[in-house]
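Visitor: I have just opened this structure and would like to learn how to read it. Could you take me through it feature by feature?

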Amino acid sequence: MINEVLNLTGRVTVLLNDNIVREIDNLVVTTGKGYVASRMMDATVAVMSHMAVGTSSTAAAAADSALGAEAGRVALTSTSVTDASVIYSASFPAGTGTGALTEAAILNASSGGTMLCRTVFSVVNKQAADAMTIQWTVQAS
């Protein structure tokens, strides 16, 4: 009998003004796992295209489908695949997604949409003049 398990894990790196300020693990939520399964069947579900940040410190949970308090959302600047990993990158320019940020997510729409994963982290204070980049790796193992 063959018994294989597919695990999805991830790591998030937050850069503020080109300096790494946070490195945290992420949670692939239940809707994200459903998304992966549906994409294995066909391509009728929209690809992951956006990243959002927010100000809620509520712990990430498998049932999450949206950020607790979204502060900004941008289109992904790049997506690449290396072996069994997908790397998503997004840039939040000056004036976008400002405040005491504590959460982030990857989604497949400019508003609403399906959430792939969510993470919560210690406060990153993004001022109006700051630029922030988030690099998010999701690995299948």
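Guide: We will go through the sheets, the helix and the salt bridges in turn. Please keep in mind throughout that this is a predicted model.

Visitor: How many bridges join strand S7 to strand S10?

Guide: Strand S7 (residues 85-92) and strand S10 (residues 132-140) run antiparallel and are joined by eight bridges. If you want a place to look, find Tyr88, which stands opposite Trp136 in S10.

Visitor: Which strands make up the open sheet that contains S3 and S9?

Guide: That open sheet is formed by five strands in the order S3-S9-S8-S4-S5, again with antiparallel pairing. At its edges stand S3 and strand S5 (70-75), each with a single partner strand, so one side of each is left without a neighbour in the sheet. Further in, strand S4 (residues 50-54) pairs with S8 in the antiparallel sense over five bridges, and Ala52 stands opposite Ala105 in S8.

Visitor: What does helix H1 pack on, and which strands does H1 touch?

Guide: H1 packs on this sheet, where H1 touches S3 and S9, and the direction of H1 makes about 135 degrees with that of S9.

Visitor: How should I check the length of helix H1?

Guide: One compares the expected span with the distance between the ends. At 1.5 Å a residue, the 12 residues of helix H1 (residues 30-41) should span 16 Å, and the end C-alpha atoms of H1 are 17 Å apart, which agrees.

Visitor: Which residues of H1 are buried, and where do they lie around the axis?

Guide: The general idea is that an α-helix has 3.6 residues a turn, so residues three or four places apart point the same way. In H1 the buried residues are Gly32, Tyr35 and Ser38. Seen down the axis of H1, these buried residues fall within an arc of 120 degrees, so they line one face of the helix. What covers them includes strand S3 (27-28) and strand S9 (115-126), whereas the face of H1 turned away from the buried side carries the exposed residues Met40 and Met41.

Visitor: How many salt bridges are found in the whole structure, and where should I look for them?

Guide: A search of the whole structure finds four salt bridges. In one of them Arg11 pairs with Asp25, with the closest N and O atoms 3.0 Å apart. This pair links distant parts of the chain, for Arg11 is in strand S1 (residues 8-16) and Asp25 is in strand S2, 14 residues apart. Arg11 is partly exposed, with a relative accessible area of 37%, while Asp25 is exposed at 53%.

Visitor: Are Arg118 and Glu103, which form another salt bridge, buried or exposed?

Guide: Both Arg118 and Glu103 are buried, and their closest N and O atoms are 2.7 Å apart. Arg118 lies in strand S9 and Glu103 in strand S8 (residues 99-107), so the pair ties together parts that are 15 residues apart in sequence. A network of salt bridges links Asp64, Glu103 and Arg118.

Terms used:
Residues numbered from 1 in each chain as written. Predicted model: local features only at pLDDT ≥ 70, side-chain atom pairs only at ≥ 80, totals over all residues. Heavy atoms only, no water. Helix = DSSP H or I, 4+ residues; strand = E, 2+ residues; numbered from the N terminus. Expected span 1.5 Å × (residues − 1). Buried < 20%, exposed > 50% of the residue type's maximum accessible area, 1.4 Å probe, protein only. Arc of directions from axis to C-beta. Contact = heavy atoms within 4.5 Å. Pairing = 2+ DSSP bridges. Salt bridge = Lys/Arg side-chain N within 4 Å of Asp/Glu carboxyl O. Axes fitted to C-alpha atoms, helices over the stretch in contact; angles between N-to-C directions.
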